Amino acid sequence: MVTSARRAAVPADDEGLARTRVQFLTSEIVEPDQVREAILASWWRSRQFQVPADRIDLPYTSDVDSPLIDGAEPVLQRLRDQLDGQPISLILTDQTGVVLTQHTGDTDLHRHLESVELVPGFSYGERFVGTNGIGTALEDGRPTHVFGHEHYAEHLESLACAGVPIQHPISGKTIGAVDLTCWRKDAGGLLVALARTTAEQIRQALLTHSNVRELVLFQSYLKACRRTTGIVLAFNDDVVMMNDSARQLLDPADQSVLLGHATQALAEGRRTTETVALSSGRRVRMSCRRVAGNREGEVAGGVLSVKLIETEEESAERKLPMVPMFLPGVVGSAPLWLRCSHDIDAGYSRGEWLALAGEQGVGKYALAKGVHQRRSPAGRLHALDASAGTGSWHDDLRRELIDDPVDALVIRRIDRLDVDAAGTLATVLAEVRDREGADAPWVAVTLTADAETNPELAELLGFFPRTIGVPPLRRHIEDLSELVPLLLSRLSHGGELTCSPAALHLLMRASWPGNTAQLYRVLKQVAKRRRTGTIQPSDLPAEYHTFTRRPLNRFESVERDAIVRGLEDANGNKVRAAKLLGISRATIYRKIHEYGIVTPGR
């Protein structure tokens, strides 16, 4: 209960609160006693999120299906029956604030909520609409009420709302929120109490919907977590639980690999402890045990304990900070990229022949060249392309390594050699090693990561004691902030060409399957039209305004490009863009979601 002293400290009249809100929005000083502490903190977050205070412009998703809907429906239906005809709206959201269901017993209130997009599919997360009962409750993780001018967006000032997070009864994680919204003039303390009661009833209803298998598995998961601070996962056909260590230390691809191994072990009915190589290149020790259900022969799921295996080199790297290094023509400071650069540099300094493995276009040759120029600036470095298929392969190798030896030779794409050409290369390398010993030229070969296991290359790779993986661009995407200026400097032809933060943000959202080579081609295409100045989002090809996960057909590509250009012409205003394109507002929201379009200004 709020004390009378606290009530006196906060303006009770709407006019006083309205003036305080305007003071904040105009960057004037707002004293702590002018507004509730939780509201002021939310206003500051809203400002940091750059939420517009003068309009409602929310992201929309057409897929609002959630298990929470089924579990909460009996509770919500009883409350709807009690509130039927009353000017109160009953709203259920997911854990991000996306509205799942909304029922309003009053026509005028329902019409107003539609006008401010407080309807299924739209997100009322605090980062999109600012201070409100739903988003602020989820952000703070506790029951929250926001009345009248406490709202950050002016279009919500006639409303009062009380939101309460909903915790899953087994995992304890926040899975959504329930919110009661009414007109500001009708609001009272009972609104908050009713929202609290509803959230608790939903939590209890979810508990009855949780089957016995989930409860047994969850208990085993908790026991495993109490025994270790390491990585723990629990799973069955319907649910996957993981602790914070698993989320922080394993990326989604690594989690999938582990769950795949564990699922196979359970299917074979065995308890297993084995070493697993992850997709990231790391190795782990995995222990999986079966969790029996309550009925005889029933399997509730499996609990997985994982320990990272640290190599001697990784141990040394952990003890010594991975400092940035200068390689001519190469940039990047992400940990994965730095580790790769240091490994190649260390191998070169020891005269160790290296195999550089990675996807096409990741920069394997650029790294080898940069390391050579750093270690031997005056030395000669040549490259041979094994995929060229010239008839002088044997003569080319002898010229570069024996007849007129260079200081360093990079042989690219050895995975494209046929058996005879690979044998020829192995013969020449053996001769060089026998004749020159430690004085032999430094040799590096490049290949794709999966080619390393090709048995036809086994003899050849025997000359290279170590394979170093070069990470794909998507694994060190933060390096685009350094890579884009470097590539633009090569493309600007005397004029200064830079990239705006907004355009860089769009580039960093792309997956770059062609890696740095693809990035270079895109920037080269842009530089043909924008030769000087600053690259803006509108200068980028339309596909980089989206992050769709599937390939588009020709018609879809044309449609996507038209929507992107329409949004640019409307300065990001979706309603105006829909009018320009001659489509409905619902259609443009659905297409933006379907194509993963990033709207200007977001």
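Student: Ala, Val, Leu, Ile, Met, Phe, Trp, Tyr, Cys and Pro count as nonpolar, Asp, Glu, Lys and Arg as charged, and the others, Gly among them, as polar. How do the residues of the lining of the largest cavity divide?

Tutor: Six are nonpolar, four polar and one charged. This is a predicted model: local features need pLDDT of at least 70, side-chain atom pairs pLDDT 80 or more, while totals for chains, interfaces and linings use all residues. Numbering starts from 1 along each chain as its sequence is written, and side-chain values use heavy atoms, without hydrogens or water.

Student: How many cavities of 30 Å³ or more are there?

Tutor: One. A cavity is a set of points on a 1 Å grid over the protein atoms alone where a 1.4 Å probe fits but cannot get out; lining residues have an atom within 4 Å of a point.

Student: How much space lies in the largest one?

Tutor: About 60 Å³. Volume is the space filled by probe spheres set on the points, which are joined across faces, edges and corners.

Student: Which elements each supply at least two lining residues?

Tutor: H7 (133-140), S4 (159-167) and S5 (174-183). Helices (H or I, at least four residues) and strands (E, at least two) are DSSP runs, numbered from the N terminus. The lining includes Tyr124, His151 and Asp179.

Student: New topic. Which residues of H13 meet H14?

Tutor: Trp337, Cys340, Ser341, Ile344, Asp345, Tyr348 and Ser349. Their partners in H14 are Leu367, Val371, His372, Arg374 and Arg375. Contact means heavy atoms within 4.5 Å.

Student: And what classes are in that contact?

Tutor: Six nonpolar, three polar and three charged residues.

Definitions and conventions. On a 1 Å grid over the protein atoms alone, a cavity is a set of points where a 1.4 Å probe fits but cannot get out, and a pocket is an open set with protein on both sides within 12 Å along at least five of seven lines; lining residues have an atom within 4 Å of a point.
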